[in-house]
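Dear colleague,

I am handing over the structure below, and after it I set out what was found. Please read the notes with the coordinates open beside them.

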Amino acid sequence: MEIITAVRGFKDILPTETGKWQYIEKIAREILANFGFREIRVPILEKTELFKRSIGESTDIVEKEMYTFLDRGDEYLTLRPEATASIVRAYLEHVMYAQDPVARLFTIGPMFRRERPQRGRYRQFHQINAELLGLDDPRTDAEVILMLMQFLMRIEISDLHLQINSLGCTKCRPSFRKALSDFLAGKEDRLCKDCQRRIAMNPLRVFDCKTTNCIEVIDHAPQILNFLCPGCMDHFTRVKEALGMFAIAFEVNPKMVRGLDYYAKTTFEVVTEHLGAQNAVAGGGRYDGLVKDLGGPDIPGIGFAIGLERLISISPFMDEKFLMPPQLFIAAIGDKAQKLAFSVCNRLRTMGITTEMDYSGKSLKSQMKRADKLSSHYALILGDREILENKAEFRDMQKGTQETIGLDDLEKTIIKIVKGS
Ligand code: AMP
């Protein structure tokens, strides 16, 4: 019978890999805590309406990438394609702004987008999301970018490029949109089908298109930075100044509009050459209108998402560094020895010693081979004859030395040696 495999674009994270994931998440939690961010855990399933209203109906995500289904004929639900919408929903539902006008929140978990799978692009992938709600001071834009860059540097990701842009606000974006529509008018036949449709709905989306022809057309298009109102211009200047205070190198990329409609003012992305076509490790931006659009008060926000699969694929840490070999392996030959091994093994585990034992009853040679394979630091060798003599052999597998130890106070003796090493 054939085995059932995982769904295309959905990946297992194997035990050999999870150590690295846990380590990277631990560093992220540490840095997020230093910046005052607290964890929020939101559901992975939300009402479809939430994403339509926040991410935008004319975005790739909402148009063609969401896993949406009708729940028993009742209502449309969607596996979350990103976390900001869910966090803002929770923020509003629990009236968090009434407890504190500023909320710094983060979450780590899976996202779902039905994109074409390729290297660095999966249908289930994981993100670390950080969201800062309640402040529109340009220093907070720099603060979240600084936090992101510090994290990426702490986990030794090299050749990072930070790109920033400003998308303006509801005051200045309409004039840019108009200029862009005018520019694209008459060039429809050079654009792909999707972009032709997008011109009317949301011409900014043409900037996201990966089609060669569309890229060529958009290359000469008007740029948002030339349309910013004085308020947005000042905000952007001050973000750049604040980044300069921390000597964070950045590049202004006026073509980076990001694929979600809710962004306003600052947007940013961190890219690296090590990733191939899918070169973004992290991205984010300000979304000052989102809370209001979702039915809440006029509260500003800014946040980012880091893609964990991409991050881990370029992390210099080796999987082996995170394997946790047993401290002790118990080899037991004979019935009495096996019985004693079983009891000692589990008692030592309850006392905090990582212990493995053999259940096969095979030859000593084969049991020691397994101890070696597991890279156990020590091995306890029990034989029925030795038990009669009230003794056992204790081997330091790393040093290759061996000593005879008594069975009285066996666990105490082992703990002393293992914890002392
Ligand atoms: P976004 O939410 O689109 O701004 O994406 C933020 C980050 O999530 C990106 O920079 C990627 O690192 C990661 N990401 C987005 N989509 C995928 C995907 N389909 N597979 C793997 N990682 C992704």
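Predicted model: local features only at pLDDT ≥ 70, side-chain atom pairs only at ≥ 80, totals over all residues.

Residues are numbered from 1 along each chain as its sequence is written, and side-chain values use heavy atoms, with hydrogens and water left out.

The domain assignment of the protein chain gives domain 1 (15–172 + 228–313) and domain 2 (325–420), with bounds that come from an automatic or database assignment. The C-alpha centres of domain 1 and domain 2 are 50 Å apart.

I begin with the sheet. An open sheet of 5 strands with mixed pairing runs in the order β13-β12-β14-β15-β16. Because β13 (355–357) and β16 (401–406) each have a single partner strand, they stand at the edges, and one side of each is left without a neighbour in the sheet. On average, neighbouring strands of this sheet are turned by 25 degrees against each other, direction ignored. Strand β15 (residues 391–396) and β16 run antiparallel and are joined by 6 bridges, and Arg395 has Gln402 in β16 as its bridge partner.

Helix α13 (residues 335–350) packs on the sheet, where it touches β12 (328–333), β13 and β14 (378–383), and its direction makes about 160 degrees with that of β13; contact here means heavy atoms within 4.5 Å, and angles run from 0 to 180 degrees between the N-to-C directions of axes, which are lines fitted to C-alpha atoms, for helices over the stretch in contact. Helix α14 (residues 364–373) also packs on the sheet, touching β12, β13, β14 and β15, with its direction at about 170 degrees to that of β12.

Leu348 lies in helix α13, and it counts as buried because its relative accessibility is 0% (buried means under 20% relative accessible area, exposed over 50% and partly exposed in between, with a 1.4 Å probe and protein chains only). Leaving aside neighbours within four places in sequence, Leu348 is in contact with Leu328, Ile353, Thr355, Glu411, Ile414 and Ile415.

Ser375, in the loop between α14 and β14, has a positive phi near 60 degrees, and at 44% relative accessibility Ser375 counts as partly exposed. Asp409, in the loop between β16 and α16 (410–420), has a positive phi of about 55 degrees, and Asp409 is exposed, with a relative accessible area of 53%.

Elsewhere in the chain, the axes of helix α2 (residues 48–55) and helix α4 (residues 84–93) come within 10 Å and cross at roughly 105 degrees, so α2 and α4 are roughly perpendicular to each other (that is, 65 to 115 degrees, with under 35 roughly parallel, over 145 roughly antiparallel and the rest oblique). In this contact, Leu50, Phe51 and Ser54 of α2 meet Ala85, Ser86 and Arg89 of α4.

Finally, strand β3 (residues 67–71) is joined to β4 by 5 antiparallel bridges, and β3 and β4 form a hairpin with 3 residues between them, where Arg72 in the turn has a positive phi of about 50 degrees.

Note on methods
Pairing = 2+ DSSP bridges. Helix = DSSP H or I, 4+ residues; strand = E, 2+ residues; numbered from the N terminus.
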